[in-house]
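Trainee: Please take one part of this model and go through it closely. Keep it brisk.

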Amino acid sequence: MDGLTSAQVSGAKTNHVPRRSSRSLGAIIRANVFTLFNLVIGVLWALVLIFGAWQDGLFGLVIVANALIGIVQELRAKRTLDKLAVINEAPVTVRRDGRDQEIPPRQVVLGDLILLGPGDRLLVDGEVVESDGLEIDESLLTGEADPVHKLPGDEVLSGSFAVAGSGSFVATKVGTDAYAVQLAEEASRFHLARSELRDGVANFIKYITWLVIPIGTLLIYSQLRNSADFGTAITGAVAGIVTMIPEGLVLMTSIAFAVGVVRLGRRDCLVQELPAIEGLARVDVLCLDKTGTLTVGGMDLGEVLPLGEGRPIHEALAALANVDHRPNATAKAIQSRYPAAADGWTAVDVVPFSSARKWSGADFGPHGVWLLGAPDVLLDATADGYERAAELASTGTRVLALCRTDSLASASDGAEAVGRAEAVALVTLKQRIRPDAHETLRYFAKQGVTIKVISGDNPDAVAAIATGLEIPDGHRAIDARTLPADDPAKLAELLDTHTVFGRVTPQQKRAFVGALQSRGHTVAMTGDGVNDVLALKDADLGIAMGAGSPATKAVAQVVLLDDKFSSLPHVVGEGRRVLANIERVSNLFLTKTFYAIALSLLTGVLGLMFPFAPRHSTLVNALTIGIPAFVLALAPTLERAKPGFVPRVLRFAVPAGLLCAGAVFLAFWAAHSGTSTLIEDRTSATIALFLTTWWVLILITKPLTLGRIAMIGGMAGLFALALAIPFIRHFFALEPGDLSNDLTAVGISVVAAAGISVAVKVAGTLRP
């Protein structure tokens with residue numbers, strides 16, 4: 001039981017597991033360089049450089065820009081996640097050379113003697129050598145919620161965690177040999193899991209890719225048939241095909257996610273799954289565990305109130321508090337006044353505390369069997385001290401009952417046996433409300449996020465704290481033991497109409513999350529204890545406190561490493577910013593895609609030249625999409641995200657894109673029917689394209705702030721400079737020489753802008 005010696009450790013196999021908190025540098029470069037978009041654009045770029053002017057190949061710089069920006073942003077996110085993942089690694093307690101010491105998980109070696117207490121996560125496989133009421137929850141491996149009592153000789157697996165008692169085991173498999181290495185590492189992995197947002201973008205890209213092939217073929221055929229100049233035909237076809245491709249949409253989505261990770265990382269918030277950013281934006285119900293979330297971690301021992309005379313109350317408290325060498329928060333609070341057990345008070349049998357039992361106990365031989373736990377669990381309603389305990393709890397004080405009983409075996413049989421315990425004293429514990437709780441709860445109230453306080457504590461105590469925090473209906477607490485166990489519909493109804501719940505078991509917390517989700521709510525769950533793990537797993541968004549147990553941090557999508565409740569508004573705000581801005585950016589890119597598709601079909605079917613060259617689309621896209629998209633993707637917003645991302649974007653982008661295409665085509669057709677040159681005709685079309693897409697930008701940017709007005713005005717000013725300065729005008733092949741054609745283009749654009757405003761407003765009222 002002394003563990004390994006230093007000499008044995010130096011030659012043993014270590015628990016080395018490649019960290020998967022992010023992709024490797026090579027994987028990041030490959031993912032950003034070797035894409036379908038880069039291949040298509042690269043081929044088109046080569047065609048333009050071979051058959052056309054190099055100025056028309058400016059769009060090829062998109063390949064370089066997309067790759068560089070994507071690589072840089074992901075590397076920033078990688079550094080942030082790697083740094084935070086190390087902080088989030090809970091130390092492991094091992095015994096070496098006869099001494100207990102805490103070491104990083106990677107320094108555990110094969111054969112180490114690892115010590116376990118409540119909340120400790122098992123990172124390696126092993127065999128139990130000592131068990132003092134040790135119970136292991138293997139739900140993350142087997143799906144079974146009931147803890148398993150472990151005895152010496154039993155096998156334990158990585159990925160599980162201790163929920164009660166204490167013990168030790170010898171590591172038999174470490175590193176990549178451990179059973180649940182993938183599961184244990186998944187919590188810190190940098191990956192893009194399934195989400196409505198990314199699925200929607202992927203579907204857009206898939207359908208557009210299939211449309212590009214036939215429409216691009218038609219466009220190339222029509223341009224070759226109607227142009228004597230092969231180079232002009234190729235560049236015209238390339239202009240249409242390139243514009244159809246929303247090359248920056250995937251980039252912007254990835255950047256928005258990555259920047260969100262970095263921003264939250266600066267606030268000591270570890271986002272363990274990137275789509276959690278999306279979940280943050282959709283949350284409309286936030287379930288809070290009182291202890292550790294609304295109240296400051298740790299407690300102070302208050303009063304010890306005897307219920308009779310001649311009983312060794314202080315000796316019993318001291319013995320119970322010091323019976324476990326891995327004390328919980330309650331035991332630590334009592335130890336501050338009773339640092340050691342009295343002579344002769346040695347436990348011969350122990351039942352450790354668990355959140356399901358809500359009490360602990362020990363048999364001290366000649367001194368009898370003593371229990372310490374929740375009064376409403378240990379005592380009958382008629383027992384001495386029951387009413388006094390209820391009165392104290394109603395003031396927000398945490399109350400425990402110190403009891404004597406006949407035998408520890410009968411006490412552990414069930415609630416009826418425990419109810420026959422004799423109350424000897426009441427023990428009060430003081431809890432401190434977090435200083436930032438008031439302000440944080442007010443924020444969520446303003447944002448329309450409903451708060452549910454779900455605690456294993458006494459309902460009256462929870463209600464008192466909720467009332468002090470001015471949580472709506474906080475005084476109407478429900479005892480979870482009275483809730484229907486087999487009527488999910490009734491449970492969901494009660495959860496909708498009540499806010500505060502006490503005496504909630506871990507299984508009930510999980511049921512609460514499911515019931516709220518059945519009502520269409522997007523549920524976030526915060527927690528710091530082992531009893532919160534099941535609910536954190538099932539919630540749409542699990543948020544763990546940094547000072548919580550390793551098990552909660554392993555299953556949560558977001559970990560507040562600084563343990564600050566006040567960080568939650570920033571977490572939710574970041575999610576809303578990301579999602580709302582990606583939707584804005586998607587509207588921009590897909591409007592471009594739809595006007596390009598419509599123009600390509602019109603020119604292909606009617607056999608006309610394409611209305612503009614690649615350099616024209618490069619200029620307009622940069623001013624109305626590229627530069628604004630970067631600004632909008634990072635702008636702040638408080639709007640809560642709603643489901644239906646794809647239909648909403650289509651209801652905007654389709655009518656806006658078609659009307660933009662109509663305006664450009666009419667401007668080009670009106671100019672082309674006169675005596676002007678092709679460059680002049682395309683200049684008129686480019687003016688119409690800029691004005692209509694610039695108006696789309698204005699509609700998307702609302703509500704207008706001074707910064708956004710400056711951006712919109714700046715884009716118009718840059719386009720005016722491109723028309724006015726000879727060098728730039730020549731570079732982009734612009735010749736605004738025919739005033740009549742250009743004014744016609746402006747007039748058509750004004751009418752189209754009015755039509756776009758009406759069309760998107762009408763389409764926005766429709767439902768898919």
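**A strand and its partners**

Mentor: Strand β14 (residues 398-405) pairs with β15 over 7 bridges, in the antiparallel sense. This is a predicted model, so local features need pLDDT of at least 70 and side-chain atom pairs pLDDT 80 or more, while totals for chains, interfaces and linings use all residues. Residues are numbered from 1 along each chain as its sequence is written, and side-chain values use heavy atoms, without hydrogens or water. Strands are DSSP runs of E, at least two residues long, and helices are runs of H or I, at least four, numbered from the N terminus. Strands pair if DSSP finds at least two bridges between them.

Strand β15 itself spans residues 422-430 and is mostly covered. Of its 9 residues, 7 are buried (under 20% relative accessible area, with a 1.4 Å probe and protein chains only).

Helix α25 (residues 614-633) and helix α27 (residues 678-701) have axes that come within 9 Å and cross at roughly 10°. Therefore α25 counts as roughly parallel to α27 (angles under 35 degrees). The axes are lines fitted to C-alpha atoms over the stretch in contact, with angles from 0 to 180 degrees between N-to-C directions. Contact means heavy atoms within 4.5 Å. Among the contact residues are Val-620 and Leu-623 of α25, and Leu-689 and Phe-690 of α27.

Methods
Buried < 20%, exposed > 50% of the residue type's maximum accessible area, 1.4 Å probe, protein only. Parallel < 35°, antiparallel > 145°, perpendicular 65-115°, else oblique.
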